[in-house]
Amino acid sequence: MHVTRPISRRTMLKAAGATAGAVGLATVATPSVAAGGSFAHPGLLHTGADLARMAAKVKAGASPYTAGYAKLTANRHSQSDWTPNPQAIVYRGVELRPRSTWPQNYGILYNDIHAAYQNALRYHVSGDRAHADTAVAILNAWSAKLTKVDGSADRFLAAGIYGYQAANAAELVRDHKDFHLDRFQKMLLDVFYSVSEDFLARHNGTPAPHYWPNWDLCNMACALATGIFCDDQAKVERAVEYFKHGDGMGSIKHAIPVVHDDGLAQWMEAGRDQGHSLMGVGLMGTVCEMAWNQGIDLYGYDDNRFLKGAQYVAKWSLGGNVPYTPYASLDRRPGIQHPTNVAPASPAQMRPVWAMVANHYTKRRGLSATYLTQIAAKAAPEGGGGDYGPNSGGFDQLGFGTLAFTRDKATDTKATPKPAASASGAASDSRPQTAASASASPTGGGLAATGSGEIVGWTAAAGVTAVAGGLLFLRRRDRGRHGA
């Protein structure tokens, strides 16, 4: 079990983001460890207040919660007879040099994680302990056997995506009498977090801009979820700092590089394709929501930059025209692929990413977000893993946002922050907006997309291009399906 160390005033102010005094707002949000001396549990994607709200609304037959809950109960992963199939090593990706012999068995992992999460969520809504017992059995089976996540570079995707998802499933049953908490924490740290931290620090031996934003974002989500789940303050601080100032493309000013005159902020992958942009909104929202539930406001960071980026993706996905600045031309970035226009988007393409983001900005904050409101309504009721395709792209988000994140409008959107709800009591859903002056597009090394599903990075000072041994041209061509 990891012990939470005292948090300094300097650290609290740093984690809180830009100074609210610059815009005359209320006191900025600070980590709940500052107020209560420990992390709030449950406190990843769902707090105790959130879970109580879901149960009460479904019991009362309130819309749209009942429709969201119907999506949950209809999903095959939500059944209490689910039998786990733990593996000692999980592999994702195929190395073409030399020819690999390992099995790509990561589908077993994500199916089991979603079964654990869905059963745990169903337990909290229905009170049926059979679902809690099933979730615990799945998670215990994996923590007793899993020793490594391996494969090609895609192992970093597996560690990031399934690491944050596993932590969220476990957070919902961490107090169950049969759950092996210490063992699960060790698995998160040794198997998932270690790979995620290695990626954020070294980017698989390439310059930081080499990979697309979602690679960073999923590993940030894993690092943050692990830090909270294991009560490790340093890991939480690391994830928050990377979100704001990280060298890789997942930090917010790289992932959302341009704020246009119309108030929309360009999503970096919009020149690539719609699917990866939708995934990015879901991942950034996940990071922001988990941080918020510990009193850290990333949603409002840099004058609500994420809101502006999410609005951009929402409008574009609804079929609207959006401005676009070719990112290869920013800072004269060289590279192989130079998109000059936003990619085509289909209003029919949907992922369960919108309810969480829309409800934060329009209900918690009381802000106007026309495109988020429209697309969240169109996506409702949101399903979860398995409802959006059988491959890994259909399991990149935990989903069920209509059930989990629909909320009543807060009565005071600038209240002084309080710790997130614990299992024994609810806390305020309202935290203040944190804002800073708008910033320019990212600086530093250049970048450009390749057709392989990654980014080729270039550092002017070093004159180094991140194309080594033909790596960029050996990647799979199915990133859209796998969501990297």
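Figure 1. The structure, a predicted model, holds 3 cavities of 30 Å³ or more.

**Figure 2. Close-up of the largest cavity.** At least two lining residues are supplied by each of helix H12 (274-292), helix H14 (354-364) and helix H16 (401-405). The lining of the largest cavity comprises 9 nonpolar, 6 polar and 1 charged residues.

**Figure 3. Close-up of the second largest cavity.** The residues that line the second largest cavity include Leu 109, Asp 112, Ile 113, Ile 138, Leu 139, Trp 142 and Leu 146; Ala 166, Phe 184, Met 187 and Phe 192 are also among them. Helix H5 (106-126), helix H6 (129-145) and helix H8 (181-202) each contribute at least two residues to this lining. By class, the lining holds 10 nonpolar residues, no polar residues and 1 charged residue.

**Figure 4. Close-up of the largest nonpolar core.** The largest nonpolar core has 125 residues, and those touching the most other members are Phe 192, Met 284, Phe 306, Trp 354 and Leu 372. Phe 192, one of these core residues, also lines the second largest cavity.

**Figure 5. Contacts of Leu 372.** When its neighbours within four places in sequence are left aside, Leu 372 is in contact with Leu 307, Ala 310, Gln 311, Ala 314, Trp 354, Val 357, Ala 358 and Tyr 361. Both Leu 372 and Trp 354 are among the residues that touch the most other members of the largest nonpolar core.

Definitions and conventions
Residues numbered from 1 in each chain as written. Predicted model: local features only at pLDDT ≥ 70, side-chain atom pairs only at ≥ 80, totals over all residues. Heavy atoms only, no water. 1 Å grid on protein atoms, 1.4 Å probe; cavity = no way out; pocket = protein on both sides within 12 Å on 5 of 7 lines; lining within 4 Å. Points joined across faces, edges and corners; volume = space filled by probe spheres on them. Helix = DSSP H or I, 4+ residues; strand = E, 2+ residues; numbered from the N terminus. Nonpolar A, V, L, I, M, F, W, Y, C, P; charged D, E, K, R; others polar. Core = buried A, V, L, I, M, F, W, Y, C linked by side-chain atoms within 4.5 Å. Buried < 20%, exposed > 50% of the residue type's maximum accessible area, 1.4 Å probe, protein only. Contact = heavy atoms within 4.5 Å.
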